[in-house]
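Dear colleague,

Please find the structure for your review below. My notes on it follow directly after.

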Amino acid sequence: MTQLKPILSHLDPIIPSSTGKFKPDKFSAYSFHRLRCHPRLAFWSFLSVIFILLFFCFSPPDGGAAAAKRRSLHTSSYTRRMHLDSNWELKARNSARPRSKTGFSVLVTGAAGFVGTHVSLSLKRRGDGVVGLDNFNSYYDPGLKKARKSLLDRAGVYVIEADINDAVLLRKLFETVHFTHVMHLAAQAGVRYAMQNPNSYIHSNVNGFVSLLEACKNATLQPSIVWASSSSVYGLNSKVPFSEKDRTDRPASLYAATKKAGEEIAHTYNHIYGLSITGLRFFTVYGPWGRPDMAYFFFTKDILKGKEIKIFEGADHATVARDFTYVDDVVKGCLAALDTAKKSTGNGGKKKGAAQFRIYNLGNTNPVPVADLVAILEKLLKVKAKKKVLAMPRNGDVLFTHANISLARKELGYRPTTDLETGLKKFVKWYLRYYGSKKKSAW
Ligand SMILES: NC(=O)c1ccc[n+]([C@@H]2O[C@H](COP(=O)([O-])OP(=O)(O)OC[C@H]3O[C@@H](n4cnc5c(N)ncnc54)[C@H](O)[C@@H]3O)[C@@H](O)[C@H]2O)c1
């Protein structure tokens, strides 16, 4: 009745204009008298009421043409607001299409990141369909992320610029494409930055992960998920080499704590909703197109600039060492995890049976002291580094990392083959070409 009011009040100013004050009995007693005085008005009022009732009776239910139009209008305004391509759904569908019927359709989050770019390219090269997603944040030079995106564009991988916390976008994306797998690499990386911007770790590594798992769980055909945890979950563990069976309840940084939280959250979604989930604990990944916040990268930059580099040591001059793992080896581990992932058992949020849950170390099993890393860089760059040895500050870094990879070897066939010098040679070659050719500055 309230919807009729504006029309009727326009026709007869006597009818009260505020809702709730309109009394039908008063209307009958008083207005009929008025209507008798205006037969034409009564006729038009009657016609209007009939027209409106007919409109409500015959308008299509939700899902009809009008509703679809309303939805698409909403979609296009959403698309504009989120700076998405106007035809992003079509691009995503095409990009996700595998070359053969047996190929995968993989959503790679963090695709413009270091590992994400390499994984996306490898998947595409072997014939899988890939859609990338990345928010291109400025934790490090977004120009480098854009350059990686250009590489992916050329290879036919479409990358959507969006945040994994955008539940609306994720829902639309999962409605648009049936992903068989999700390779989740988007995260706030870096141990030291957590002291400056702790919330960014919660945003991406906890909230963002839950948002992604929600989208996966709600998908009509749930994908299998492989995601990047980190060797940092071993925290203060001193038993070497680090095995998946070791304690991971003593993180040394907020980054590590959020990765550990991710592992527990993953278990919950596996247990309740039947999502097939594999966590991979990466050990210091390096290589071409790497991350400017990592030591091998900024040592290279500083050595070339003649700037002093800081080399940390532990108490009593203890050596700081890392199990440096070349990116191609890690990529092989990621693909093997995708290939051996079993299907999720849930459907539209309902679990149908127990699902696969796995965790593997992906390292190199050969820790190298940071001083040796510097010596290799000096040799490759043909420049002597200006070194300053300092006590390691308490900023979240651990003294050493060393992976036991026997589980990944047995179950994934994971066999890293690149030693540090070979891998750094490839990194330095890329670095000199990338930063030497154009006027790009390494952050
Ligand atoms: N590189 C390593 O040595 C290493 C070691 C252990 C674990 N990991 C993990 O591996 C994964 C990949 O690492 P990387 O070295 O390629 O890092 P990276 O920073 O280069 O890549 C991560 C990408 O995710 C994107 N991203 C971050 N938050 C996002 C969000 N909320 N929504 C959408 N995109 C977002 C970033 O823009 C970035 O491009 C990360 O999960 C990282 O924690 C890496």
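Predicted model: local features only at pLDDT ≥ 70, side-chain atom pairs only at ≥ 80, totals over all residues.

Residues are numbered from 1 along each chain as its sequence is written.

The chain holds 15 helices and 13 strands; these are DSSP runs numbered from the N terminus, with helices being H or I of at least four residues and strands E of at least two. Of its 443 residues, 41% count as buried. A residue is buried if 20 or more other C-beta atoms lie within 10 Å of its own, exposed if 12 or fewer, and partly exposed in between, with C-beta atoms placed from the backbone. Among contacts with a separation of 6 or more, 80% come from residues 24 or more positions apart; a contact requires the C-beta atoms of two residues, placed from the backbone, to lie within 7 Å.

The ligand is surrounded by 27 residues, of which G110, G113, F114, A187 and A228 are the closest (the C-beta atom, placed from the backbone, must lie within 6 Å of the ligand). Helix α6 (114-125), helix α9 (198-218) and strand β5 (224-230) each give two or more residues to this shell, and the largest share, three residues, is that of α6. By type, the shell has 12 nonpolar, 11 polar and four charged residues. Here Ala, Val, Leu, Ile, Met, Phe, Trp, Tyr, Cys and Pro count as nonpolar, Asp, Glu, Lys and Arg as charged, and the others, Gly among them, as polar.

Helix α11 spans residues 295-305, and its residues A295, Y296, F299, T300 and I303 are buried. These lie on the same side of α11 because they cover an arc of only 130 degrees around the axis, taken from the directions from the helix axis to the C-beta atoms. Just after α11, G306 has a positive phi of about 75 degrees.

Most residues other than glycine have a negative phi, and most peptide bonds are trans.

- The peptide bond from V240 to P241 is cis, with omega near -15 degrees; P241 belongs to the loop between β5 and α10 (254-273).
- T284, in the loop between β6 (277-282) and β7 (285-286), has a positive phi near 25 degrees. T284 counts as buried because it has 23 C-beta neighbours inside 10 Å.
- T365, in the loop between β11 (357-362) and β12 (368-369), has a positive phi near 60 degrees. T365 has 16 C-beta neighbours inside 10 Å and therefore counts as partly exposed.

Yours sincerely
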